[in-house]
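User: Hello! I am new to this structure and would like to learn how its features get their labels. Could you take me through them?

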Amino acid sequence: MNLDTKLFFYLHNFAHKTKLADRVILFFGSYLPFALVLLFPLYLFLIKEPVRQGIILCVGALSASLISRFLFGSPIRFFYPVRRPFVAHSLKPLINIHAPSFPSGHALLFFALATFIFFFNHPLGLGFFLATLLIVAARVSAGVHYPSDMLGGFLIGVASGYLVYFYMLPLLSSVF
């Protein structure tokens, strides 16, 4: 058994132990992503940033997320489909998904988002990185991803956030 599979089984071992543990895993793996997507614009426009900077940050973060997920992630999933761990090992998942596993779409999207945000606001970006780590750990625990799916999502997501910040931000700043 390779390290990826050992780490998967270690984290998946937390699932199906108690209803509370399953609810925590489901919250972090399924509902926290929605909360982050909804709370981020509210934070920018209602609490923290000037409107112009908030628009640039929202458009840039959305661009980084979509580029990582669809420009990079979708072709990889199409040409290199990896079965989900619960299918490969005949397990009962907490979250039922049937698309290919590698790279994790959640990891792609949220690591790109966190990276782009980090360049603007370090504390907020670190908070998004922490939330993303909770999301990806929960999705491995839920049985829908291997740790390598998350690592691939991390590498592509961070690279996408970096590329958008350094190459697309000047265009966004001139438009808005």
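User: What makes Gly 105 buried or exposed?

Analyst: Welcome! This is a predicted model, in which local features need pLDDT of at least 70 and side-chain atom pairs count only at pLDDT 80 or more, while totals for chains, interfaces and linings use all residues. Residues are numbered from 1 along each chain as its sequence is written, and side-chain values use heavy atoms, with hydrogens and water left out. Now to the residue: buried means under 20% relative accessible area, exposed over 50%, and partly exposed in between, using a 1.4 Å probe and protein chains only. Gly 105 has a relative accessible area of 9%, so Gly 105 is buried.

User: Where does Gly 105 lie, and which residues does Gly 105 touch?

Analyst: Gly 105 lies in helix H5. Helices are DSSP runs of H or I with at least four residues, and they are numbered from the N terminus. A contact means heavy atoms within 4.5 Å. Leaving out residues up to four places away in sequence, Gly 105 touches Arg 69 and Arg 77. For Gly 73 and Gly 105, 32 residues apart along the chain, the C-alpha separation is 7.0 Å.

User: What is the space in the largest pocket, and which residues are closest to its centre?

Analyst: About 260 Å³ of space lies in the largest pocket. Of its 16 lining residues, Pro 33, Gly 105, His 106, Leu 109 and Phe 110 are the closest to the centre. H2, helix H3 (51-79) and H5 are the elements that give two or more residues to the lining. The term pocket comes from a 1 Å grid over the protein atoms alone: a pocket is an open set of points with protein on both sides within 12 Å along at least five of seven lines, and lining residues have an atom within 4 Å of a point. The volume is the space filled by probe spheres set on the points, which are joined across faces, edges and corners.

User: What puts the buried residues of H1 on the same side?

Analyst: In H1, Thr 5, Phe 8 and His 12 are buried. They cover an arc of only 60° around the axis, so they are on the same side of H1. The arc is that of the directions from the helix axis to the C-beta atoms. The buried residues of H1 pack against H4, H6 and helix H7 (147-175). On the face turned away from the buried side of H1 are the exposed residues Leu 3 and Tyr 10.

User: Why does His 12 count as buried, and what does its side chain reach?

Analyst: His 12 counts as buried because its relative accessibility is 8%. The side chain of His 12 reaches the backbone oxygen of Ser 141 at 2.8 Å. A polar contact is a pair of N or O atoms within 3.5 Å; within protein, one must be able to donate a hydrogen and the other to accept it, and residues adjacent in sequence count only if both atoms are side-chain atoms. Leaving aside neighbours within four places in sequence, the residues in contact with His 12 include Leu 91, Lys 92 and Val 140.

User: What is the phi of His 16, and how exposed is His 16?

Analyst: His 16 has a positive phi of about 65° although it is not a glycine. Most residues other than glycine have a negative phi, and most peptide bonds are trans. At a relative accessible area of 36%, His 16 is partly exposed. His 16 is found in the loop between helix H1 (3-12) and helix H2 (19-48).

Definitions and conventions. On a 1 Å grid over the protein atoms alone, a cavity is a set of points where a 1.4 Å probe fits but cannot get out, and a pocket is an open set with protein on both sides within 12 Å along at least five of seven lines; lining residues have an atom within 4 Å of a point.
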